[in-house]
Amino acid sequence: MNYTEIMIRYGELSTKGKNRKAFIMQLAANVKRVLDEFPAVKIHADRDRMHLLLNGEDSSQILPRLEKVFGIQSFSPSVRIEKNFPALRTAVQEIMRDIYQAGMTFKITSKRSDHDFEMDSNELNRELGGAVFEIYPDIQVQMKKPDINIRVEIRREGAYLSYETLLGAGGLPVGTGGRGMLMLSGGIDSPVAGYLSMKRGVEVEAVHFASPPYTSEQALQKAKDLAGKLAPYSGSVQFIEVPFTEIQEEIKRVVPQGYLMTVTRRLMLRLTDILREQRNGLVIINGESLGQVASQTLQSMVAINDVTNTPIIRPVVSMDKNEIIEIAEKIDTFELAIQPFEDCCTIFAPPQPKTRPKLDKTRQYEARLDLEGLMERALAGIKVSEITAAESDEKVEDFSDLL
Ligand code: ATP
Ligand code: MG
């Protein structure tokens with residue numbers, strides 16, 4: 001079917017009182033960004049609904065993109081029809097011929113906001129129902145949960161027909177909740193943590209620590225690809241690569257084995273916090289999950305978190321690995337995450353990290369480092385790139401070619 005318009009129903013944002021306008025504007029901006037490649041699409045947002053006028057763009061490419069945009073409860077593609085009864089009648093019959101299968105039930109739901117139109121909604125329901133009986137005399141009408149519900153809307157500018165309602169991603173429009181820095185490794189957990197924060201409206205910038213030549217170009221690309229998987233939920237993600245080699249070498253040189261991991265994590269957190277401040281972020285997000293590995297005990301958290309007062313959001317902290325994997329599969333990050341390119345933590349990981357690091361010792365060992373110089377040099381070498389939804393789509397295609 002050649003859809004001409006998509007009608008979008010807002011999710012939770014409709015309950016947000018006076019913030020509503022800001023929410024709707026953010027959602028419109030996000031929709032615009034994910035539909036960047038379809039410049040003819042026009043967005044009209046009002047208090048209750050958003051309408052995308054497709055202007056000839058291909059709806060089959062647009063619908064899957066909308067499915068990922070947070071803040072959308074559901075959406076219905078529709079066709080614009082000339083505003084007269086014979087045209088509506090023909091269109092309804094055409095739709096039914098397209099989708100009817102024996103035994104299906106139906107109903108017509110008409111709405112008329114243009115009261116100058118020649119028929120009211122009851123008449124429309126009756127007459128258009130009649131048009132359906134004409135081609136399928138045995139079809140049954142069902143008011144509650146029919147298989148086919150053809151919606152007819154008579155508006156001032158035209159008549160619209162739709163029969164499909166697709167489920168949106170729910171959540172809140174990304175950006176309405178402020179900005180957070182996501183510590184993104186190449187693992188399973190941090191992309192899921194990023195996704196879950198985005199779902200609640202947080203705009204995420206990815207910070208990734210790379211230690212070439214110990215970590216490979218592929219490991220870096222993998223982290224970028226993971227960020228790319230998050231991009232379709234907002235339109236794009238900023239990716240900040242932090243050179244971490246010197247710091248890791250230095251830590252390895254001066255810190256006892258058992259505390260390597262703790263001190264390394266503190267440095268990552270310190271640097272992320274500085275970037276957060278520079279880039280107007282409010283919080284830090286990571287993929288820590290309690291008890292998963294040695295560095296993720298409560299004692300570890302205390303020893304690491306010590307370096308900042310900035311709130312750290314840990315969306316997967318209480319999830320079992322299986323639960324995290326389930327989400328990773330849903331957002332298509334799992335396959336990427338299990339590719340065997342080691343990130344900096346794996347390579348520098350000591351055989352036996354302390355599971356209960358002591359705070360005073362941690363501080364003492366960290367003090368052996370020239371913190372200021374090391375951090376300054378790392379920050380001087382950061383590389384920032386924007387990863388867009390469109391690019392990540394291409395990646396997906398390239399990747400599947402390889403399989
Ligand atoms: P993940 O699956 O996200 O890698 P993990 O279970 O492997 O997590 P750790 O290796 O202990 O856990 O890392 C804990 C968190 O620290 C990660 O979830 C991530 O947020 C952050 N982190 C670890 N390594 C990096 C890195 N190289 N760059 C950025 N953040 C990192
Ligand atoms: Mg990891």
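Is Asp306 buried, exposed or partly exposed? I looked it up: Asp306 is partly exposed, with a relative accessible area of 26%. My cut-offs are under 20% for buried and over 50% for exposed, with partly exposed in between (1.4 Å probe, protein chains only).

**Ground rules.** I am working on a predicted model, where local features need pLDDT of at least 70 and side-chain atom pairs count only at pLDDT 80 or more, while totals for chains, interfaces and linings use all residues. Residues are numbered from 1 along each chain as its sequence is written, chains are lettered from A and ligands numbered from 1 in the order in which they are written, and side-chain values use heavy atoms, with hydrogens and water left out.

**Salt bridges.** I searched the whole structure and found 22 salt bridges, each a side-chain nitrogen of Lys or Arg within 4 Å of a carboxyl oxygen of Asp or Glu. I went to Arg266 and Asp306, whose side chains meet in one of them at 2.9 Å, N to O. This pair links distant parts of the chain, 40 residues apart: Arg266 sits in helix 8, and Asp306 in the loop between helix 9 (298-305) and strand 14 (312-313). Helices (H or I, at least four residues) and strands (E, at least two) are DSSP runs, numbered from the N terminus. Arg266 is buried at 2% relative accessible area.

Next I checked Glu205 and Arg179, which form a salt bridge at 3.8 Å, N to O. Glu205 is in strand 11 and Arg179 in strand 10 (residues 179-183), 26 residues apart. Glu205 is buried at 3%, whereas Arg179 is partly exposed at 24%.

**Domains.** I took the bounds from an automatic or database domain assignment, which gives domain 1 (1-80), domain 2 (82-167) and domain 3 (179-402). I then asked what passes between domain 1 and domain 3. Their centres, taken over C-alpha atoms, are 33 Å apart. I found 9 residues of domain 1 in contact with 11 residues of domain 3, where contact means heavy atoms within 4.5 Å. Together they bury about 930 Å², 54% of it on carbon and sulfur atoms; this is the accessible area (1.4 Å probe) that two parts lose on being put together, summed over both. Arg33, Lys68 and Phe70 lose the most area on the domain 1 side, together 61% of what that side buries. I counted 0 salt bridges between domain 1 and domain 3.

**Cores.** I looked at the largest nonpolar core, which has 46 residues; Leu66, Leu88, Ile150 and Leu161 touch the most other members. Such a core is a set of buried Ala, Val, Leu, Ile, Met, Phe, Trp, Tyr and Cys residues joined through side-chain atoms within 4.5 Å. Helix 3 (residues 85-99) gives the largest share, 7 residues. Domain 1 and domain 2 both contribute residues, so this core lies between them. Apart from it I found another core of 32 residues, including Phe70 and Ile188.

I noted a cis peptide bond from Pro212 to Pro213, and Pro213 lies in the loop between strand 11 (203-210) and helix 6 (217-230). Asn280 has a positive phi of about 60 degrees although it is not a glycine. I flagged these because most residues other than glycine have a negative phi, and most peptide bonds are trans. Asn280 is exposed at 61%.
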